Amino acid sequence: MNRRSEEDTLRTFTFADLQDALDASLGAGNAIPLYEHNLDTTYDELGVDSLTLYELVTRIQDNFAVAVTDDQVDQMTTPRRTLDTVNARLADGAETTA
């Protein structure tokens with residue numbers, strides 16, 4: 001049985017975490033501000049290309065020690081879906097093996 005600490009169990013991927021990871025993935029001067037009104041806008045519509053999305057997911061996996069499958073990445077088409085997917089994976093205890 002995998003015993004997780006209370007801190008790990010309560011960890012969530014926040015809106016601010018997503019914004020930080022997206023900013024880092026896009027690079028200096030290319031930030032795309034996220035707001036409640038554009039959380040359901042597709043990454044394509046926001047100007048995020050597939051390479052940047054791949055980098056975003058990699059950063060999330062590395063920083064949060066969470067595994068995200070390729071099928072799940074394909075479903076992460078908007079910032080809201082990214083938040084929902086990562087938080088579901090964290091709640092399920094889908095940790096990466098390091």
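Me: A salt bridge is a side-chain nitrogen of Lys or Arg lying within 4 Å of a carboxyl oxygen of Asp or Glu; which residues are linked in a network of salt bridges here?

Reply: The network of salt bridges links Glu36, Asp40 and Arg80. This is a predicted model, in which local features need pLDDT of at least 70 and side-chain atom pairs count only at pLDDT 80 or more, whereas totals for chains, interfaces and linings use all residues. Residues are numbered from 1 along each chain as its sequence is written, and side-chain values use heavy atoms, with hydrogens and water left out.

Me: How do you know that Arg80 forms a salt bridge with Glu36?

Reply: The closest N and O atoms of Arg80 and Glu36 are 3.1 Å apart, so the pair meets the rule for a salt bridge. The pair links distant parts of the chain, 44 residues apart, with Arg80 in helix H6 and Glu36 in the loop between H2 and helix H3 (43–46); helices here are DSSP runs (H or I, at least four residues), numbered from the N terminus.

Me: What makes Asp40 a partner of Arg80 in a salt bridge?

Reply: Their closest N and O atoms are 2.8 Å apart, and the pair therefore qualifies under that rule. Asp40 lies in the loop between H2 and H3 and Arg80 in helix H6, so this pair ties together parts that are 40 residues apart in sequence.

Me: Why does Arg80 count as partly exposed, and why is Glu36 called exposed?

Reply: Buried means under 20% relative accessible area, exposed means over 50%, and partly exposed is in between (1.4 Å probe, protein chains only). Arg80, at 27%, therefore counts as partly exposed, whereas Glu36, at 56%, is exposed.

Me: Why are helices H2 and H4 called oblique to each other?

Reply: The axes of helix H2 (residues 15–26) and helix H4 (residues 50–64), which come within 9 Å, cross at roughly 130 degrees. Axes are lines fitted to C-alpha atoms, for helices over the stretch in contact, and angles run from 0 to 180 degrees between N-to-C directions. Angles under 35 degrees count as roughly parallel, over 145 as roughly antiparallel, 65 to 115 as roughly perpendicular and the rest as oblique, and H2 and H4 are therefore oblique.

Note on methods: Helices (H or I, at least four residues) and strands (E, at least two) are DSSP runs, numbered from the N terminus.
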